Amino acid sequence: MENEVIYEEREDIGVITLNRPEKRNALSKSMLSQLAEILRKVAEERRVKVVIIKGAGKCFSSGHDLKEVLNSDLHEAEETFEIIKEVMMAIREAPQPVIAQVHGYALAAGCQLVAACDLAVASEETKFALSGINVGLFCFTPTVFVSRNISAKRAFEMAFTGDMITAQEALEWGLVNKVVPKEKLEEETMALAKRLARHSLSVLENGKKFFYRQLDLDWENALEYATKTITLWSQTEEVKKGITAFLGRK
C-alpha cells in the first residue's frame, strides 16, 4: 500500500508513477491520497518545473477500484470521491505543467486523470473510455474534465455509450496532444517536458493560472484580464532581464 504511488526527480522534471500494476492501476482511496499528497508537496517545494504522471505495468489506469466502491458505505464513498476531486484540483492548481504519459488503457477516472492534466502523450495502442455507464455508474466526475477537452457531442458520446476510442481518435478529438509508437512513449513525453522546463517556473506558473482563468471568461473580459496581466508582468525584473538578454543576442 505504501508504494502505490512512486515519485522521482530527473533534474527539473518530477515523475509520478501509479504503481498498482497487478490491479491495472485501479485508483483506490489510499492510492488517490498518496497521489494528492505528492502533487501538493511538489507544488509547495517548487524543486521541479514540470510533472509527468504515468502508470506502471500494462496500462495507465483502469479507473476507480470498483471492488472498493462496491464494498463502501455512503461515508466511505464520499471520502473516495472527495479525494479524487482533491487530486484534480491539485493538478490544476500546481505551478508546474502536468503531462499524462498514457499507455494501454485510460478508463473512467483514469480517463479523467488524463483530461485533467495540462498535456497528454499517448502510445498508439492506447484505448480511452468513459466506461462507468457499462456498470451502471455514470462517469459523473470524469465527464467534467473530458467535456472541457473535447466537444460537447463527442463527450456525450463517450459518456453515454461507454465505448472505447482509439489513441488516434483521442488525438483528433483533442483529448491528447500527441500519439507515438509505444517504444517511443517515454522518450517523447520526456522531450516535451524538457521543452517546457527550459522556461522559469514563475513564467510557467503565471501562464498556467492565466490560461485556465481566461477560459472561463467571455472574450471581452478575457482580453481585459490579459491586458492587465501582461502589463503587470512586463514590469517584473525577470521579464526585463529576459528581454535584455534576448535583445543582446540579436
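Which handedness does the crossing of α3 and α4 have? The crossing of α3 and α4 is right-handed, where right-handed is said of a near helix turned clockwise from the far one by less than a right angle, and left-handed of one turned anticlockwise.

A quick word on the ground rules: this is a predicted model, in which local features need pLDDT of at least 70 and side-chain atom pairs count only at pLDDT 80 or more, while totals for chains, interfaces and linings use all residues. Residues are numbered from 1 along each chain as its sequence is written, and side-chain values use heavy atoms, with hydrogens and water left out.

**Helix pairs**

Helices (H or I, at least four residues) and strands (E, at least two) are DSSP runs numbered from the N terminus. Axes are lines fitted to C-alpha atoms, for helices over the stretch in contact, and angles run from 0 to 180 degrees between N-to-C directions.

| Helix pair | Angle | Axis distance |
|---|---|---|
| α3 (residues 74-93) and α4 (residues 109-116) | about 20 degrees | 10 Å apart |
| α9 (residues 201-215) and α10 (residues 219-234) | about 165 degrees | 10 Å apart |
| α1 (residues 29-45) and α3 | roughly 30 degrees | within 9 Å |

Angles under 35 degrees count as roughly parallel, over 145 as roughly antiparallel, 65 to 115 as roughly perpendicular and the rest as oblique. α3 and α4 are therefore roughly parallel. Their contact (heavy atoms within 4.5 Å) involves Ile-84, Val-87, Met-88, Ile-91 and Arg-92 of α3 with Ala-109, Gln-112, Leu-113 and Ala-116 of α4. By class, these residues are seven nonpolar, one polar and one charged; Ala, Val, Leu, Ile, Met, Phe, Trp, Tyr, Cys and Pro count as nonpolar, Asp, Glu, Lys and Arg as charged, and the others, Gly among them, as polar.

α1 and α3 are roughly parallel too, and their crossing is left-handed. Among the α1 residues in this contact are Leu-32, Leu-35 and Leu-39, and α3 contributes residues including Ile-83, Ile-84 and Val-87. The contact of α1 with α3 has nine nonpolar, two polar and five charged residues.

α9 and α10, by their angle, are roughly antiparallel, with a right-handed crossing.

**The sheet**

An open sheet of three strands has the order β5-β7-β8, with mixed pairing; two strands pair if DSSP finds at least two bridges between them. β5 (105-107) and β8 (165-166) are the edge strands, each with a single partner, so one side of each lacks a neighbour in the sheet. β5 and β7 (residues 127-129) run parallel, joined by three bridges. Leu-107 has Ala-129 of β7 as its bridge partner. Helix α4 packs on the sheet, touching β5 and β7, and its direction makes about 95 degrees with that of β5.
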